[in-house]
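Subject: Structure handover

Hello,

Here is the structure I promised to pass on. Please open it beside this email, and then read on for what turned up in it.

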Amino acid sequence: MAKKIGILTGGGDCPGLNPAIKGCVWTAEKLGFECVGLNEGWKGLVEGKTVKLTKKTTEYLVTEGGTYLGTSRTNPYKKEGMVKRCLSNFKKLRLFALIAMGGEDTLGVASRLHADFKFPVVGVPKTMDNDLSATDYTFGFDTSVTRAMKAAHSLIDTGRSHRRVMVLEVMGRHAGWVALFTAIASAADYVCIPEKKVRVKEMVEKVKKAYARKKFALVVTSEAAELEGISGDLEPQQKDEFGHIILKERGMGEKLASIIQKETKIETRHSVIGHMQRGGAPTLFDRILGLRVGIKAVELVKEKKFGMMAALKGNEIKAVPLSKSTGKLKVIDKKWFEIMDILFD
Ligand code: F6P
């Protein structure tokens, strides 16, 4: 009988997950394994709920957004007895290994299970936020920024026509990658990221200068950006099982638009694109990256390289320890600040 690999996708969905599932399933069949999907992240292992995965059922997943397996933000370490159930269901389902696809939270659980119980798990990095350490990029990011960039272009058209300042709020949680890349790629006039507190005076001056030149301005903000001199508005709020607050409810775009309008006396509008930047078909880059890391994950299972993750390093897919990818977020650093100084002058 073929050895069985379980696959789960946890945390926020993102484009590239389905290609990664296909990469796993098609490689597994080639190498003599069979695959079974666990429904809705770690919840699927806690409850032992599965779906059969074959080459036939996954053939067109390379073209699809979202995740065929469903997802959740279930943290088995949060509730008593859940880790035990994960371990016993793993045995009951006669799994040989597990492939966990996720970001910091999902892979954090995988890393902990491996450290605590030598659990045979391999990680596949995903997140639209691109904030995972030990990999150059995560799939989901390219599609999300491409989507946000298109939204920015729409705002440029309408803002320019109405002689307005437009503010676009994007997701990305506590890393500003989505905001920064969207702003750079759409020639925005100012960008607000969580890694650098927003200096209101500076932002207002830049907006005024841009408006004087072209009777229009675009500001891109991350949902988690913070204003200099104001702290603490990130707490206390409703949190998920991994302790994350729901950032879109902070209304950063709206807040900035109202400040800009008040300070500049120029009519200003804001737009929040929310989950529209996370759904939909993956870009070419995310399709190929998803497939490649999925393929590598199964190869790692075959080599019994557990506790590892399939990461993009340069143009190669390499194995890195799961422990290195979690624990510390990859955020925007100094060399990008220098690029910001050049491009948002
Ligand atoms: O981590 C991915 C992400 O899309 C973040 O950018 C965002 O803050 C969060 O998930 C939104 O979560 P939810 O889908 O639970 O609203």
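**What was found**

Glu 303 counts as partly exposed, at 42% relative accessibility. Its salt-bridge partner is Lys 305, with the closest N and O atoms 3.2 Å apart. Lys 305 is partly exposed too, with a relative accessible area of 39%. Elsewhere, Arg 164, Glu 267 and Arg 269 belong to one network, joined by salt bridges that share partners.

Before going further, please keep in mind that this is a predicted model.

Domain 1 covers 4–139 plus 282–326, and domain 2 covers 145–278. Domain 1 is therefore made of two stretches of sequence, by an assignment that comes from an automatic or database source. The C-alpha centres of the two domains lie 33 Å apart. Their contact draws 17 residues from domain 1 and 15 residues from domain 2.

How much area is buried between domain 1 and domain 2? The figure is about 1,500 Å², and carbon and sulfur atoms give 53% of it. On the domain 1 side, three residues lose the most area to domain 2: Arg 73, Asp 105 and Met 128. Together they make up 40% of what that side buries.

The charged side of this interface is worth a look. Three salt bridges cross between domain 1 and domain 2. There are also four residue pairs in polar contact between the domains, counting pairs with both residues at pLDDT 80 or more. Sorted by class, the side of domain 1 that touches domain 2 has seven charged, five polar and five nonpolar residues.

Please also find Arg 278 and Asp 13. These two form a salt bridge, and their closest N and O atoms are 3.1 Å apart.

**Salt bridges elsewhere**

Searching the whole structure gives 15 salt bridges. Two more of them are described here.

Start with Glu 228 and Arg 199. Their side chains meet in a salt bridge at 3.6 Å, N to O. Which parts does this pair tie together? Glu 228 sits in the loop between strand S8 (217–222) and helix H9 (252–264). Arg 199 sits in the loop between strand S7 (190–192) and helix H8 (200–214). The pair therefore ties together parts that are 29 residues apart in sequence. Are these two residues buried or partly exposed? Glu 228 is partly exposed, with a relative accessible area of 46%. Arg 199 is partly exposed as well, at 44%.

Now move to Glu 205 and Lys 208. This salt bridge has its closest N and O atoms 4.0 Å apart. Both residues lie in helix H8. They are three residues apart, about one turn of the helix. Glu 205 counts as partly exposed at 44% relative accessibility. Lys 208 also counts as partly exposed, at 36%.

**Backbone points to check**

Most residues other than glycine have a negative phi. Two residues here have a positive one.

Ala 134 is not a glycine, yet its phi is positive, at about 70 degrees. Look for Ala 134 in the loop between strand S5 (121–125) and helix H6 (141–162). Is Ala 134 buried or exposed? Its relative accessible area is 19%, so Ala 134 falls under the 20% cut-off and counts as buried.

Lys 215 has a positive phi near 55 degrees, and this residue is not a glycine either. Lys 215 lies in the loop between H8 and S8. At 46% relative accessibility, Lys 215 counts as partly exposed.

**One more residue**

Ser 88 lies in helix H4, residues 82–92. What does the side chain of Ser 88 reach? The answer is the backbone oxygen of Arg 85, at 3.3 Å. Ser 88 is partly exposed, with a relative accessible area of 35%.

For a sense of distance, take Ser 88 and Leu 247. They are 159 residues apart along the chain, and their C-alpha atoms are separated by 36 Å.

Best wishes

Terms used. Residues are numbered from 1 along each chain as its sequence is written. Side-chain values use heavy atoms; hydrogens and water are left out. Contact means heavy atoms within 4.5 Å. Buried area is the accessible area (1.4 Å probe) that two parts lose on being put together, summed over both. A polar contact is a pair of N or O atoms within 3.5 Å; within protein, one must be able to donate a hydrogen and the other to accept it, and residues adjacent in sequence count only if both atoms are side-chain atoms. Ala, Val, Leu, Ile, Met, Phe, Trp, Tyr, Cys and Pro count as nonpolar, Asp, Glu, Lys and Arg as charged, and the others, Gly among them, as polar. Helices (H or I, at least four residues) and strands (E, at least two) are DSSP runs, numbered from the N terminus. Buried means under 20% relative accessible area, exposed over 50%, partly exposed in between (1.4 Å probe, protein chains only).
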